[in-house]
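Here is a short tour to read alongside the structure. Please keep the viewer open as you go.

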Amino acid sequence: MSWAWSLPEFPLAPPATYSSTYASSGVSQKTSRRSKSSSFMVDLRPHNQLSYDKTVEGFEINNRVCVVQATGTGKSYVIAKLIEQNIDKKILIVAPSHYILNQFKENFHFILGNTLLKTYSKLSNQTTNREYDIIILDEFHRCGAEKWGKGIQQLLDKNKNSLLK
């Protein structure tokens with residue numbers, strides 16, 4: 001049984017109460033007072049923070065969670081926050097196109113150390129031998145395609161205990 005979180009009534013325009021903390025990039029830079037080194041942090045808008053919190057809560061119940069939000073509402077930031085909070089884990093992101101993966105890599109390169117990015121097509125043409133702690137299937141509805149579905153099934157069979165988003 002899976003646990004799903006849906007946010008169907010996302011406001012199309014951000015309310016005036018959003019602070020300037022939520023810059024268009026969704027990424028802030030913090031400087032440590034002890035050292036002068038910088039670290040980046042993924043900032044979430046309130047609706048994405050709610051989705052992230054529900055995802056974490058869902059993982060406490062089940063290792064399969066689905067986040068449903070409209071196109072353009074910032075699901076990538078929810079994914080980035082999940083990666084940031086699990087930076088030491090082996091993570092796989094699967095998406096339908098290189099465009100989506102390259103966009104993610106460009107925006108969140110600073111947290112992708114243990115993260116592998118693959119297209120559904122590449123996954124369907126390879127034997128999966130590697131195990132992951134977290135598997136993220138972007139545009140999950142595409143997993144039903146006959147060829148891509150076989151690759152996903154093989155991945156899930158190999159990674160029965162992985163957290164799946």
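## Aromatic pairs

In this predicted model, the count of aromatic pairs comes to two. Tyr 77 and Phe 108 make an edge-to-face pair, because their planes meet at 85°, over the 60 degrees required; their ring centres are 5.2 Å apart. This pair links distant parts of the chain, with Tyr 77 in helix 2 and Phe 108 in helix 3 (residues 98-108), 31 residues apart.

Phe 108 also pairs with Phe 104: the ring centres are 4.8 Å apart and the planes lie at 50°, so this pair is tilted. The two residues are four apart in helix 3, about one helical turn. Both are buried, Phe 108 with a relative accessible area of 1% and Phe 104 at 6%. Together, Tyr 77, Phe 104 and Phe 108 form one aromatic cluster.

Next, have a look at the open sheet, where four parallel strands are ordered 6-5-7-8. Strand 6 (115-119) and strand 8 (163-164) are at the edges with a single partner strand each, so one side of each has no neighbour in the sheet.

Strand 5 (residues 91-95) and strand 7 (residues 134-137) are joined by four bridges, and Val 94 sits opposite Leu 137. Helix 2 (residues 75-85) lies across strands 5, 6 and 7, at about 170° to strand 7.

## Two sides of helix 1

The buried residues of helix 1 are His 47, Asn 48, Ser 51, Tyr 52, Thr 55, Gly 58 and Phe 59. Viewed down the helix axis they fall within an arc of 140°, so they line one face. Exposed Glu 60 and Ile 61 are on the face turned away from that buried side.

Key
Residues are numbered from 1 along each chain as its sequence is written. This is a predicted model: local features need pLDDT of at least 70, side-chain atom pairs count only at pLDDT 80 or more; totals for chains, interfaces and linings use all residues. Side-chain values use heavy atoms; hydrogens and water are left out. Two strands pair if DSSP finds at least two bridges between them. Contact means heavy atoms within 4.5 Å. Axes are lines fitted to C-alpha atoms, for helices over the stretch in contact, and angles run from 0 to 180 degrees between N-to-C directions. Buried means under 20% relative accessible area, exposed over 50%, partly exposed in between (1.4 Å probe, protein chains only). The arc is that of the directions from the helix axis to the C-beta atoms. Rings of Phe, Tyr and Trp (its six-membered ring) pair if their centres lie within 6.5 Å; planes under 30 degrees apart count as stacked, over 60 as edge-to-face and the rest as tilted.
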